[in-house]
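Please look over the sequence and the model shown below before reading on.

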Amino acid sequence: MAYNTKVIDHYENPRNVGSLDKNSKNVGTGLVGAPECGDVMKLQIEIDEKTHVIKDAKFKTFGCGSAIASSSLATEWVKGKTIEQALAIKNTEIVKELSLPPIKIHCSVLAEDAIKAAIQDYVKKHEGEEKTA
Amino acid sequence: MDVETVSQPNQNACSECGRKLEGYLAHHFCSTCQAPQPLREGESYFHAFDLPMKFGLDVALVQKRFYEISRELHPDRFVSSSVDDRARSMARMSFLNQAFQTLRNSSALREYILKLYGLRASGVEMRAEGRQPQKAAMPIELAESWFELQEAVLDDPDQAGVRVIEFEAELARLKAQGENRLKSLEAQFDRLPKDAETEILAILSQMDAELQRQNYFRSIEKDVERMKRNVSSV
């Protein structure tokens with residue numbers, strides 16, 4: 001199967017590979033796995049507590065080219081967005097941007113799930129706090 | 001031996017001589033005029049063996065019936081028959097072979113029953129019908145340890161051997177647990193009356209989710225095998 005050039009670009013030059021301190025209060029970590037193929041994806045976001053804007057994002061993915069590209073793209077997209085904006089990212093937008101074929105759609109679903117899981121983790125860390133925003 | 005009969009689609013009369021058909025042999029051909037019967041609409045593998053739809057089938061009985069029916073449907077018996085009869089006996093024989101391969105194999109049987117209840121349509125078909133394919137809940141602890149294991153192997157392939165073995169043990173434990181749950185769901189299904197549609201579908205949906213988890217375990221298992229070839233200390 002021939003990969004789309006955007007997928008290859010993300011695969012060969014992945015953006016934001018690495019990790020953030022998962023114990024930091026401002027970091028949300030989402031680790032998700034794909035039931036279809038055994039791929040696992042970890043996506044972390046660092047959030048500005050005052051503005052709720054995602055300052056930084058890192059990922060690490062063990063999986064196919066499309067899974068790596070999807071998560072790389074996801075980190076690019078969430079940076080600079082607020083939590084609400086990041087939650088609105090749909091897997092279909094990733095599919096469109098990377099021209100993923102039907103059998104690789106689950107990779108984009110995984111990336112969307114990873115964003116949601118990371119945000120959920122962040123929100124959980126701040127549960128019980130008074131909402132100032 | 002549990003041999004309750006199931007309701008048969010239009011099975012009562014021979015397609016040729018119109019005489020009453022009875023028993024599992026007569027389902028395939030008429031004992032009076034010897035005519036092989038055409039495959040009936042909605043005929044299932046269970047009908048073919050005249051057995052109730054259930055997971056806990058008596059495999060020895062399935063095999064016994066398979067041999068008996070096969071003997072009657074053998075092509076040699078129809079060499080001088082009409083073209084129609086020969087075609088029917090062939091169609092029956094081929095149906096019977098598929099039925100036998102399915103009923104004797106527990107995982108094929110699971111797939112088959114789920115399919116009969118519409119739970120095994122491909123994702124594409126389900127989306128076309130406006131249904132969402134069910135997403136298997138992935139055990140998150142396993143995803144985590146799988147991720148960590150791959151990181152460890154990447155960092156130091158020579159030291160990761162022990163962790164690979166630990167991970168395999170964990171995977172085997174989860175697989176066995178899932179298989180136990182599947183067995184218990186099968187037993188529940190077998191106990192339900194066949195008109196308890198809601199309960200049946202609830203059980204089969206749970207089985208569907210369990211089977212997807214099992215598939216997930218198997219795909220990770222394959223990845224672990226691949227990984228082991230690169231880890232010298234295993």
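A salt bridge here is a side-chain nitrogen of Lys or Arg within 4 Å of a carboxyl oxygen of Asp or Glu.

The model is predicted, and local features need pLDDT of at least 70, side-chain atom pairs count only at pLDDT 80 or more, while totals for chains, interfaces and linings use all residues. Residues are numbered from 1 along each chain as its sequence is written, chains are lettered from A and ligands numbered from 1 in the order in which they are written, and side-chain values use heavy atoms, with hydrogens and water left out.

Between the chains, the rule finds 1 salt bridge, and it finds 2 residue pairs in polar contact, both residues at pLDDT 80 or more (N or O atoms within 3.5 Å; within protein, one able to donate a hydrogen and the other to accept it, and residues adjacent in sequence counting only if both atoms are side-chain atoms). On the side of chain B that touches chain A, helix 7 (140-155) and helix 9 (197-230) each supply at least two residues, and helix 7 gives the most, with 8 residues (helices are DSSP runs of H or I, at least four residues, numbered from the N terminus). That side divides into 9 nonpolar, 2 polar and 4 charged residues, where Ala, Val, Leu, Ile, Met, Phe, Trp, Tyr, Cys and Pro count as nonpolar, Asp, Glu, Lys and Arg as charged, and the others, Gly among them, as polar. Chain B and chain A bury about 1,200 Å² between them, 66% of it on carbon and sulfur atoms (accessible area, 1.4 Å probe, that two parts lose on being put together, summed over both).

Within chain B, an automatic or database assignment gives domain 1 (3-128) and domain 2 (140-233), whose C-alpha centres lie 34 Å apart. In contact, meaning heavy atoms within 4.5 Å, are 11 residues of domain 1 and 14 residues of domain 2. The two domains bury about 1,200 Å², of which carbon and sulfur atoms give 62%, and in domain 1 the residues B:F55, B:R110 and B:Y117 lose the most area to domain 2, together 53% of what that side buries. Across this domain interface the rule finds 2 salt bridges.
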